Amino acid sequence: MTQKTTETTRFTFRTLALLLIPIILLAGVISLFLSTGGGLNLESPVPVEALTIERYILKDELIEIYVQNTSLQEITIAQAIINSAVCPIEVTPDATIPRLGRAVVRINYPWNYGEAYAITLFTSNAIPFNLEIPVAFATSEPNSQSFWSFALIGLYVGVIPVFLGIFWFPALRTLGKQWMTFLMAVTAGLLVFLGLDTIAEALEQAASVPGAFQGIGIIGIGAVATFLLLDAISKRQTESGRDEAAKRLSLAFMIAIGIGIHNLGEGLAIGAAYNIGEISLGTFLVVGFIIQNITEGLGIIAPVLRDRPTLRDLALMGLIGGAPAIFGAWIGGFAPSPTLAVLFLAIGAGAIFQVVYEIAKMIQKDTVRKPMSMTVFSGLLTGMLLLWVTGLLIK
Amino acid sequence: MKNQLSRRDFLKLGALGVVGTSGVTALAQTAGKNQTRPFTPPMQGMDHGGGVIPGTGNVDHEKNGFNPGDILTDFDFGKVSTLPDGRTLREYEITVINKNIEIVPGIEYPAWTYNGRIPGPTIRCTEGDLIRITMINGSNHPHSLHFHGFHPGAMDGVPGTGPGGTVEPGDSFTYEFEAEPFGLHLYHCHVFPLARHIAKGLYGAFIIDPKGGRPPVDREMIMVMSGFDVDFDDANDFYAVNAIPFYYQNNPIKIRVGESVRIFLVNILEFDLLNSFHLHANFFQYYPTGTSLTPAEFTDTIIQGQAQRGILEFTYKFPGMYMFHAHVTEFAELGWNGMFEVTE
């Protein structure tokens, strides 16, 4: 784009110096402010304390609470009360936690399976922080068995349904051009629905991100950056002048990636929810996920129906779309972090909406100079309704 | 007492119900282990072998400026003199002081105190004595001394009854009245907002002995039951006798077999409706409000509402460690728990 520049600006020492002047002045202002207080006397009259309880682990006669100090100063954990009993605690590495520092509070407690516990942690300023354990059960340890269980969960909700959807490929190939446009619109509908779902999930998760990490900001950065990055990549491919079939194949791959990241988020949510007893993964729920996610496989293959993708490509797309659910379940199950979850979900949302944009361009190319047809309208609506109706099974 | 869990979702439990019994079994075994060694010395901190006992370590009594171990037997008879008419005059001076008190290890409570301690001094006199108590308000809030017992309205320490009703910061007032009726009473601040003024620590016991005294016993102790709402949500977080939770659990009260013990028990617990006292492996004679020399009840558990009080008398037959605590068991595990260590 910048082959012809009329004037070459040279980067001289003078420019550098001019650029540095405000920075040097800023450093001066900061050091002056730090050393004198700048005449301000606005220290907070009371300590505002914030403690994020990240997660808890229940072991035999032991409750471990993972906390992070998200306040502006250090805080000290002084006492713990479980169900109206003062319980001795051990805090590692130290009961005094620096800003943004982490600690583990260990409480020897004869908790019972299936009962509920209300825990209050008191800081030395007598600020209470509450944790509710709605149903107590031993937290699954990262051992080979639970590792395998979470892999199976990911397999059921991600890989299997996506591949099942891909198996529609031979049948759908025989359809006419208008039906293919319809299917593309269905895919776009599916993706719009998934994208909204992902954003909603990200916003929900953002609420539990420690304030200092600005959950909403992470959503913005993750989604916008992913969208623009994928857009730049797809533009470069367009410019590289490859044939239409190759472009359609790369679009299919991008859909697979978008859906894959979405499934990663889904795996994260399932793994984390399973660990704190929020859901029991009954057969009904798994069946529901399979039915809902089978449509995702359909979406992946829609752009390449008129081409002849190799079996290897199809298998790869299935894996990209489905397998992240396994990784998600592992991360969510063994090392849940709301901050990380928000980032993944935001990336997923950015990817999904970029793919929707790509599909829209492709549909437009196929239906040149026609107003949005009923085919596109009904396809898009069908896609969204498909997920809404199948969602009834798992919500 | 806090609101407990809002709701338990039993539906979620359905599929997982089988494993439950093993947890219960484990707990039963733990309890059994405890029973086999009843003579364990003071329960303190975590006991990794024999299960968990609620409690805390010791606070910094020196920094607090008072020790429940001393308060237990600290009766203040005042500066005694004889009036021209032959009556006994007892003079006291009580200063209201704002003071941070370490209630449980690591948590300092911004208390209001009479003479820097909670409970305030245990004022003890005999029926018919003239009592003269000067209250100096060294804090930054208006306070008062309101005694239970007979006295003129102007000595009632309640806003609206004259200068003694509200003593402003820096001011002082001398309450004067004849001590009657005999019994176990109490005093506390009566300035609005009352619940907060009491909960912050402004209370103490007031004992009027009958002329000629109560029948002699070997040991006399004062126990004032109260609680602390450290996060100011109008619900107690910790409970105690003589202010420091778990003190007598960590430092058992030593008595001897056959020794007659008299406990002056006062309840000034704010926010909760009831408090109670239960003595293990023993029964006591109970004299409600101490206004009679004939016991009203022979029991091992009594209940007191706020400002109710009574005298307990008992003797231990066997040596051993004996618990005494609120049989509102929630309070016990939040601090109102103690031990008698009875030796031959």
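Two strands pair if DSSP finds at least two bridges between them. The model discussed in this note is predicted.

1. Strand pair in chain B. Strand β15 (residues 274–279) of chain B and strand β20 (residues 320–325) of chain B are joined by two bridges, and their pairing is antiparallel. Within this part of chain B, B:H278 has B:H325 of β20(B) opposite it.

2. The sheet around that pair. In chain B, β15 and β20 belong to an open sheet of five strands. The order is β13-β21-β20-β15-β18 (chain B), and the pairing is mixed. At the edges are β13 (253–256) and β18 (301–305) of chain B, each of which pairs on one side only. From one strand to the next, the twist averages 25°.

3. Helices α4 and α11 of chain A. Helix α4 (residues 177–206) of chain A crosses helix α11 (residues 374–391) of chain A at roughly 45°, and the two axes come within 6 Å. Angles under 35 degrees count as roughly parallel and those from 65 to 115 as roughly perpendicular, so α4(A) is oblique to α11(A). The crossing of α4(A) past α11(A) is right-handed. In the contact of α4(A) with α11(A) there are 17 nonpolar and eight polar residues, with no charged residues.

4. Helices α4 and α10 of chain A. α4(A) also packs with helix α10 (residues 338–366) of chain A, at an angle of about 160° and with the axes 8 Å apart. Angles over 145 degrees count as roughly antiparallel, which means that α4(A) is roughly antiparallel to α10(A). Here α4(A) makes a left-handed crossing past α10(A). By class, the contact of α4(A) with α10(A) has 23 nonpolar residues, six polar and two charged.

5. Domains of chain A. Chain A is divided into domain 1, residues 51–133, and domain 2, residues 144–391. Taken over C-alpha atoms, the centres of domain 1 and domain 2 of chain A are separated by 38 Å. Five residues from domain 1 of chain A and four residues from domain 2 of chain A take part in the contact. On the side of domain 1 of chain A that touches domain 2 of chain A, one residue is nonpolar, three are polar and one is charged.

Definitions and conventions:
Residues are numbered from 1 along each chain as its sequence is written. Chains are lettered from A and ligands numbered from 1 in the order in which they are written. This is a predicted model: local features need pLDDT of at least 70, side-chain atom pairs count only at pLDDT 80 or more; totals for chains, interfaces and linings use all residues. Axes are lines fitted to C-alpha atoms, for helices over the stretch in contact, and angles run from 0 to 180 degrees between N-to-C directions. Helices (H or I, at least four residues) and strands (E, at least two) are DSSP runs, numbered from the N terminus. A crossing is left-handed if the near helix is turned anticlockwise from the far one by less than a right angle, and right-handed if clockwise. Ala, Val, Leu, Ile, Met, Phe, Trp, Tyr, Cys and Pro count as nonpolar, Asp, Glu, Lys and Arg as charged, and the others, Gly among them, as polar. Domain bounds come from an automatic or database domain assignment. Two residues are in contact if their C-beta atoms, placed from the backbone, lie within 7 Å.
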